[in-house]
Amino acid sequence: MQKFELTASITPKGDQTKSIPKLVSNIKQGIKSQVLLGATGTGKTFTIANVIEQIQENTLVIVHNKTLAAQLYSEFKEIFNKNHVEYFVSYFDFYQPEAYIPRNDTYIEKSALANQEIEMLRLSTINSLASGEPTIVIASVAAIYASVAPSDFEMYRIVLSTKTKRNLKQLQYDLVRLQYQRNNIDLKPGTFRLRGDVLEIAPGYTDAFTVRVSFFGDEIEEIAVIDALTGNVNERWNTYVIVPASEYIMNKDRRKESLDLIKKELKERVTYFKKNKKLLEAQRIEERTLHDIESLEELGYCNGIENYSRHLELRAEGSTPYTLFDYFQKNNWLIVVDESHMTIPQIRGMYNTDRSRKETLVNYGFRLPSALDNRPLNFDEFQSKVNKTIFVSATPNEWEVKKSHNTVVEQIVRPTGLLDPVIEIHSSKYQVDDLVVELQKQIKKNERTFITVLTIKMAVNLAEYLKKQKFKVMYMHNELKTLERAKIINDLRRGKYDVIVGINLLREGLDVPEVSLVAILDADKPGFFRSDKALVQTFGRAARNVNGRVILYANTTTKAMQTAIEETNRRRKIQLAHNTKHHITPQTIVKPIFDDITSKNDVKVVEAYFKNSKIDFKKQTKAIGILRKEMLQAAKNKEYERAAFLRDTIIEIEGRNN
């Protein structure tokens, strides 16, 4: 069996040389939970990669949002380019889930196209884990949502072998049973087509290739893997396994029992609604469910089949659903909770959020009550599923430290030798006037600045005031589109702007080495963005520059400020001692400025479009066509962050003239 093998040419540096062996030693000693307290820019990803190589166990890296998951996927893929590195996001991570809003009688249906794109990623992950090969999975927290039972997924496979007889009509039926759809025009993932004696199958988990099965009469003559772009034969196989096109499939051996349970619940639900004089709800649930039952009887599938998972899997009411975690061996795997100070609270909250949404669907007759068992794990269930855990954060919460019995491995010294920023406290009485003086100093040094404020109104007013003072300033707010947000950051780096003003500048993608000053206005005011952990995270925005410093504008020193300052000074002391001992002179990180995350062609098309809000339909269609082609190519190359960016941009353009 292939082993995990680091293919990166770099070697551990700074505190990595201490944290890697310590983490590995703790795991080998049987310590179940530990914390990697890693300062910003210390190379935590590379540290975890080295741990994986040394313990040689499948690993799930889980993080609190899809963008960070995409970034981590790219990094791990580069480090382990000979191994299976998968990117797993659930339905409700990328797209709008099914929902009902009673106050305006709005029903929101789940997007079928979105499901297909996401299913491709999920299936690829499950296939890699089921293959038994070493696998690293990078996932969002939505991975705790229900998935198909491993036993069912293993059972429903079609094994094709050359020189064996196979009824072509029956094979097509079997493909439909695995949720493949016949499509003689557009062969996209999860479809098949028949041309004479040649059957072409597009696996549900990839758009990179198709499988061509050539028949001579009733005998399979050849099985070939065809490149989807060029049409060339990549490989020829004597035996090939076709896996389901989708996760949720019906086990035919228990079909009758499952359908009987659904029918019984439907009868009970209709009776309940009628008894309570809810006739509309009774009619709605009866029509919807009978339609689904008919599809399940005829095809073994229906839209939203996962909502019947409790009956299809013959699980008891309230029982724990199957998830991605069940595809890992019980004891021989590792889970890494990245940015644990954000990820753990999200995992805690997802169960209640999901239940609230589904209860509304159930109460208004859109779903049977059993749909409540198609759910994410609750927090106790999540804890019961994991065995060996590393919590990774620059600011771990007390829960993670307590869970790890104070087993905290620190990674404070950066490979670059850069120090945590210098912290200054200035009076907030004349904070704007003082800020103007500081910005003038920054401009003379050709260095950039982040400013954080507490309210949208103050951010807008401050940005307008600074513009009048002849500063090149931009306000970063939560309504900015994907393209605009990325472009502003790159324009700051290029010098088009000197400063960015915002409320929350903690978000991913803001590691800008040109920023040497972070100014925090009203630092002594209460609130989430002025907590000790939030302040430490904000300080980190200035940790990429050798001249990094932070100004806290405050009239008093709050407990949160004091804690954050003491922790930063503690880290600086450790970093300085290391640099002195090893004669290291810190240097500002040199990071290339990309054309956002798109190609030059993308930038040209999109910028041309946005310059003309009244662009005609023909030009709009052309722009979308170019972007969609780039999006599909990015997905094929597993550049999922860029593909998601392009998808969002297409949606923006399509919705602009509506």
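Which residues point one way from β19, and which the other way? In this predicted model, R448, F450 and T452 point one way, while T449 and I451 point the other way. Every one of these side chains belongs to a residue that is buried. As a general point, side chains in a regular strand alternate between the two faces of the sheet.

**Around strand β19**

Strand β19 covers residues 448-452 and is mostly covered, with 5 of its 5 residues buried. It has β22 (residues 515-520) as a parallel partner over 5 bridges, and here F450 stands opposite V518. Strand β21 (residues 499-502) also pairs with β19 in the parallel sense, over 4 bridges. In that pairing, I451 stands opposite V501.

**An open sheet and the helix across it**

Let's move to another part of the chain. Six strands form an open sheet in the order β8-β9-β10-β11-β12-β13, and the pairing is mixed. Its edge strands, β8 (181-182) and β13 (233-237), each pair on one side only. Strand β12 (residues 219-227) meets β13 in an antiparallel pairing over 4 bridges, with I226 opposite V233 of β13. Helix α7 (residues 168-177) lies across β8, β9 (191-195), β10 (198-202) and β11 (209-216), and runs at about 165 degrees to β9.

**Two helix pairs**

Two packed helices are described by the angle between their axes and the distance between those axes. Here are two such pairs side by side.

| Helices | Angle | Axes | Reference |
|---|---|---|---|
| α1 (residues 16-28) and α2 (residues 44-55) | roughly 40 degrees | within 9 Å | α1 with α2 |
| α8 (residues 255-275) and α9 (residues 279-299) | about 170 degrees | 8 Å apart | α8 with α9 |

Angles over 145 degrees count as roughly antiparallel, and the α8 and α9 axes pack at about 170 degrees, so α8 is roughly antiparallel to α9. On the α8 side the contact includes L259, I262, L266 and F273, and on the α9 side it includes I285, L290, I293 and L296. Charged residues take part too, among them R255 and K263 of α8 and E281 and E286 of α9. By class, this contact has 11 nonpolar, 1 polar and 7 charged residues.

The helices α1 and α2 are oblique to each other, and α1 passes α2 in a right-handed crossing. Q16, S19, I20, L23, V24 and I27 of α1 meet F46, T47, N50, V51, Q54 and I55 of α2. The class count for this contact is 7 nonpolar, 5 polar and no charged residues.

Conventions
Residues are numbered from 1 along each chain as its sequence is written. This is a predicted model: local features need pLDDT of at least 70, side-chain atom pairs count only at pLDDT 80 or more; totals for chains, interfaces and linings use all residues. Side-chain values use heavy atoms; hydrogens and water are left out. Axes are lines fitted to C-alpha atoms, for helices over the stretch in contact, and angles run from 0 to 180 degrees between N-to-C directions. Helices (H or I, at least four residues) and strands (E, at least two) are DSSP runs, numbered from the N terminus. Angles under 35 degrees count as roughly parallel, over 145 as roughly antiparallel, 65 to 115 as roughly perpendicular and the rest as oblique. A crossing is left-handed if the near helix is turned anticlockwise from the far one by less than a right angle, and right-handed if clockwise. Contact means heavy atoms within 4.5 Å. Two strands pair if DSSP finds at least two bridges between them. Buried means under 20% relative accessible area, exposed over 50%, partly exposed in between (1.4 Å probe, protein chains only).
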